[in-house]
Amino acid sequence: MVIYQDRSEILNLYGASFDAFFKTWASSVVDDIVDGSKGDAPKISGLIAQFFPLLAGGVLDDSKLSKNGAKEYLKLAVEEAVNSKMGPDGPEREKWRKTAQYLCLVSLDNAFQDHLGNMDSLVESVTLRGYRGLDPKVEYQQDGFELFKGLQG
């Protein structure tokens with residue numbers, strides 16, 4: 001139900017409210033990339049290029065940046081790239097919004113599909129825990145809830 005609410009929210013945002021949503025989404029993607037990459041500058045650059053192709057080509061060449069420094073630097077770079085891609089108000093910006101909306105939905109759908117795959121793997125894991133005397137149902141509920149919290153960000 002939560003995933004459908006998120007999809008509905010994305011589909012029902014228009015104009016400036018979608019622009020603000022997308023910038024917030026892009027900022028959270030940068031946070032997730034930097035946090036998940038553990039300071040590995042080449043990995044961060046590769047993931048940034050994957051999510052934000054305009055920034056491909058070693059946007060983070062200085063591996064001496066702190067984690068927070070890298071986040072701030074990348075957030076500014078992403079915001080500039082998004083602003084340049086948005087363009088002025090008019091038909092071009094509306095076309096950009098539709099494309100960005102589609103990308104947000106695909107990203108959400110892919111994350112949910114990955115979550116469902118993780119839940120399938122969890123079944124096998126908690127079955128093995130049953131041999132250690134743990135209640136598989138309780139283990140599945142607890143770990144499934146943690147996975148879902150991770151999906152929500």
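The lining of the second largest pocket comprises 14 nonpolar, three polar and three charged residues. The model is predicted. The volume of this second largest pocket is about 520 Å³. Its lining draws two or more residues from each of H2, H3, H4 and H5. H5 supplies the largest share, eight residues. The lining numbers 20 residues in total, and Phe 22, Phe 51, Pro 53, Trp 96 and Leu 103 lie nearest the pocket centre.

Aromatic residues were examined next. Phe 18, Phe 21, Phe 22, Trp 25 and Trp 96 form one aromatic cluster. The count of aromatic pairs comes to five. Two members of the cluster, Phe 22 and Trp 96, are among the residues nearest the centre of the second largest pocket. Another member, Trp 25, is one of the residues closest to the centre of the largest pocket. Phe 18, also in the cluster, lines the largest cavity.

The largest pocket has a volume of about 1,000 Å³. It is lined by 26 residues, of which Trp 25, Asp 32, Ser 107, Ala 111 and Leu 151 are the closest to its centre. Helices H1 (2-11), H2, H3, H5 (91-130) and H6 (136-152) each give two or more residues to this lining. By class, twelve of the lining residues are nonpolar, ten are polar and four are charged.

One cavity of 30 Å³ or more is found in the whole structure. The volume of this largest cavity is about 50 Å³. Leu 13, Tyr 14, Gly 15, Phe 18, Glu 94, Arg 97, Lys 98 and Gln 101 line the cavity. H2 and H5 are the elements that give two or more residues to the cavity lining. H5 gives the most, with four residues. Three lining residues of the cavity are nonpolar, two are polar and three are charged.

Helix H3 spans residues 41-51, and its buried residues are Ala 41, Ile 44, Ser 45 and Ile 48. Seen down the H3 axis, these buried residues fall within an arc of 100°, so they line one face of the helix. The face turned away from this buried side carries exposed Pro 42 and Gln 50. Helix H2 (15-37) and helix H4 (67-86) are among the elements that cover the buried residues of H3.

Lys 71 lies in helix H4. Its relative accessible area is 13%, and Lys 71 is therefore buried, the cut-off being under 20%. Beyond residues up to four places away in sequence, Lys 71 touches Val 30, Asp 31, Val 34 and Asp 35. Asp 6 stands 65 residues from Lys 71 along the chain, and the C-alpha atoms of the two are separated by 25 Å.

Glu 139 lies in helix H6. Glu 139 has a relative accessible area of 15%, so this residue is also buried. With residues up to four places away in sequence left out, the contacts of Glu 139 are Val 126, Arg 129 and Leu 134.

Notes
Residues are numbered from 1 along each chain as its sequence is written. This is a predicted model: local features need pLDDT of at least 70, side-chain atom pairs count only at pLDDT 80 or more; totals for chains, interfaces and linings use all residues. Side-chain values use heavy atoms; hydrogens and water are left out. Buried means under 20% relative accessible area, exposed over 50%, partly exposed in between (1.4 Å probe, protein chains only). The arc is that of the directions from the helix axis to the C-beta atoms. Contact means heavy atoms within 4.5 Å. On a 1 Å grid over the protein atoms alone, a cavity is a set of points where a 1.4 Å probe fits but cannot get out, and a pocket is an open set with protein on both sides within 12 Å along at least five of seven lines; lining residues have an atom within 4 Å of a point. Grid points are joined across faces, edges and corners, and a volume is the space filled by probe spheres set on the points. Ala, Val, Leu, Ile, Met, Phe, Trp, Tyr, Cys and Pro count as nonpolar, Asp, Glu, Lys and Arg as charged, and the others, Gly among them, as polar. Rings of Phe, Tyr and Trp (its six-membered ring) pair if their centres lie within 6.5 Å; planes under 30 degrees apart count as stacked, over 60 as edge-to-face and the rest as tilted.
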